[in-house]
Amino acid sequence: MNETRLVAKQLQQKSEDSRLIKEARRALIDYLGCVLQARKEPKVQEFGRLWQQEGGKVNSLLGLHATPERAALINGFAAHYLDFDDVQANFRGHPSAVIYSALLAIAPPSSQVRQVLQAFIAGVELAGKLGLALNPDHTVQGWHSTATIGTIAATGALCNLANASVDQTTRALSFATSQASGMSFQNGTDAKPLQAGLAARNAVTAFILSQSRGSFTANEDSLQFWGATLGFNETSFSLLGNDWYQPGQINKPGLWFKVHPFCSAALSGYEAAKMLWNKGVRWSDCVQVVVHYPPNGDRALNQQWPQIGQESKFSIEFIIWQVLKFGDVKDADFTARFVDSQFKIDVAKIVRKHDLATTSATKRPTLVETVTRRGIVKQLVVMPLGSPNRPLSSEKLQEKLLMVLPKEKVAALVDLIVKKEAVLQEIYWLIQ
């Protein structure tokens with residue numbers, strides 16, 4: 001049996017592991033916070049208007065009428081627009097922005113929340129296993145894993161939700177591989193969240209084709225061929241169908257959650273700068289700042305001289321400058337029309353080096369070295385706050401929702417997500 005069919009068989013499982021369900025709930029809380037914050041953004045509103053469709057069903061997250069494919073597209077764009085959404089280390093992408101966006105576009109409002117959580121767990125499992133097979137080479141080559149691996153993972157999640165047969169799931173995965181694309185050079189532009197939206201939309205398209213009575217055909221060994229096309233050998237994909245949920249990709253290596261809307265590759269550098277500030281280091285005292293990474297550790301941080309706020313989400317220079325100058329980042333600056341003109345002068349003091357040892361995908365080592373008039377002060381951070389080994393508290397995780405919903409609504413929403421028999425419609429009533 002080929003690996004694609006083995007994966008299709010595994011995707012029929014419904015995990016009942018309470019530890020995996022708990023993390024899927026945390027991801028859903030975080031996802032809703034990201035979407036609800038983004039829906040007030042002018043670009044997200046315009047994007048929704050472009051793709052809404054009269055006569056389509058209501059997209060319950062943003063209150064627009066759209067077909068399932070367009071609903072997934074809008075959901076994914078909104079969820080990833082602020083780059084505030086979760087990350088999985090093996091996947092090296094944003095699972096919720098694609099997987100939940102596709103699931104909520106397809107699932108009827110009467111669906112039990114628990115069924116959606118189980119499907120999400122299956123999607124993250126597939127994303128993590130594909131990431132193990134492809135990364136780090138896949139992302140180093142310049143692919144955007146959220147869009148490439150995410151398309152396939154979200155398709156698997158949809159098949160799990162629908163209790164699709166092995167044959168249907170095999171075809172769906174094949175249709176997904178034909179659409180899986182996205183490039184990391186789009187970091188800092190609207191095309192990056194677009195790629196997350198397209199991945200969710202393409203997953204829905206693949207799923208609908210696989211469910212059609214027309215029995216549309218597709219190559220049944222698609223994952224192997226897809227990998228070979230990307231330049232990977234058969235061995236890379238030989239374990240995709242083995243050892244699912246042992247212990248589960250959603251828990252190990254687990255999900256990263258953010259406290260600020262910038263790229264997760266900057267989290268360790270941000271925290272190191274905060275610790276330096278607390279030690280008394282100030283930008284005005286700095287002669288030079290050296291940021292040390294392992295080789296390719298800053299691959300996603302492709303904006304050394306950002307000109308607009310959107311680009312600064314991918315600039316460790318801008319993030320460290322903000323912290324050492326003001327004591328912390330200002331979230332509003334990441335959506336500002338222009339970057340502070342003083343930064344454009346000061347950035348010359350910051351350099352990057354790639355001289356740290358390569359480590360596991362679960363760690364993000366960053367050493368920030370400040371050369372001041374009083375001497376050199378260094379700070380290393382390997383696992384920042386929000387990483388699986390230093391998870392956010394429940395209260396901290398809910399802060400995104402508290403920025404857009406009254407406290408009592410947030411409490412009711414969290415209770416619904418935890419409630420075993422809750423249905424999606426109850427969530428939609430609250431957030432609308």
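Student: What share of the 432 residues in the protein chain is made up of buried residues?
Tutor: Buried residues make up 58% of them. The word has a cut-off: buried means under 20% relative accessible area, exposed means over 50%, and partly exposed lies in between, with a 1.4 Å probe and protein chains only. Before we go on, this is a predicted model, so local features need pLDDT of at least 70 and side-chain atom pairs count only at pLDDT 80 or more, while totals for chains, interfaces and linings use all residues. Residues are numbered from 1 along each chain as its sequence is written, and side-chain values use heavy atoms, leaving out hydrogens and water.

Student: How do you know that the radius of gyration agrees with a compact globule?
Tutor: The rule is 2.2 Å times the number of residues to the power 0.38, and the radius is taken over C-alpha atoms. For 432 residues a compact globule would come out near 22 Å, and the protein chain has 21 Å, so the two agree. Along the principal axes, the C-alpha atoms fill a box of roughly 70 × 50 × 40 Å.

Student: How many helices and strands does the protein chain have?
Tutor: There are 20 helices and eight strands. They are DSSP runs numbered from the N terminus: helices are H or I with at least four residues, strands are E with at least two.

Student: What makes β6 and β8 edge strands?
Tutor: Start with the sheet: it is open, has four strands in the order β6-β5-β7-β8, and its pairing is mixed. β6 (350–353) and β8 (375–381) each pair on one side only, and that puts them at the edges. Neighbouring strands here are turned by 20° against each other on average, ignoring direction; axes are lines fitted to C-alpha atoms, for helices over the stretch in contact, and angles run from 0 to 180 degrees between N-to-C directions.

Student: How do you know that β5 and β6 pair?
Tutor: Two strands pair if DSSP finds at least two bridges between them. Strand β5 (residues 286–292) and β6 have four bridges, in the parallel sense, so they pass that test. In one of the bridges, V289 has I350 in β6 as its partner.

Student: Which helix packs on the sheet, touching β5, β6 and β7?
Tutor: That's α15 (residues 316–326), whose direction makes about 135° with that of β5. Contact here means heavy atoms within 4.5 Å. Helix α13 (residues 267–278) lies across β7 (366–372) and β8, running at about 135° to β8.

Student: Why is the pair E16 and R114 called a salt bridge?
Tutor: The definition asks for a side-chain nitrogen of Lys or Arg within 4 Å of a carboxyl oxygen of Asp or Glu. The closest N and O atoms of E16 and R114 are 3.1 Å apart, so the pair qualifies. E16 sits in the loop between α1 (3–10) and α2 (18–38) and R114 in helix α6 (residues 113–134), so the pair ties together parts that are 98 residues apart in sequence. A search of the whole structure finds 15 salt bridges.

Student: What do the side chains of K274 and D328 meet in?
Tutor: In a salt bridge, at 3.2 Å from N to O. K274 lies in helix α13 and D328 in the loop between α15 and α16 (341–346), so parts 54 residues apart in sequence are tied together. D328 also counts as partly exposed, because its relative accessibility is 23%.

Student: Why does N59 count as buried?
Tutor: N59 has 4% relative accessibility, so it counts as buried. N59 is found in strand β1 (residues 57–59). Not counting residues up to four places away in sequence, N59 touches L64, A71, I74 and N75.

Student: Which residues of helix α11 are buried?
Tutor: In α11 (residues 222–229) they are S222, L223, Q224, W226 and G227. These buried residues pack against α1, α6, α8 (145–161) and α9 (166–177). Just after α11, G231 takes a positive phi of about 100°.
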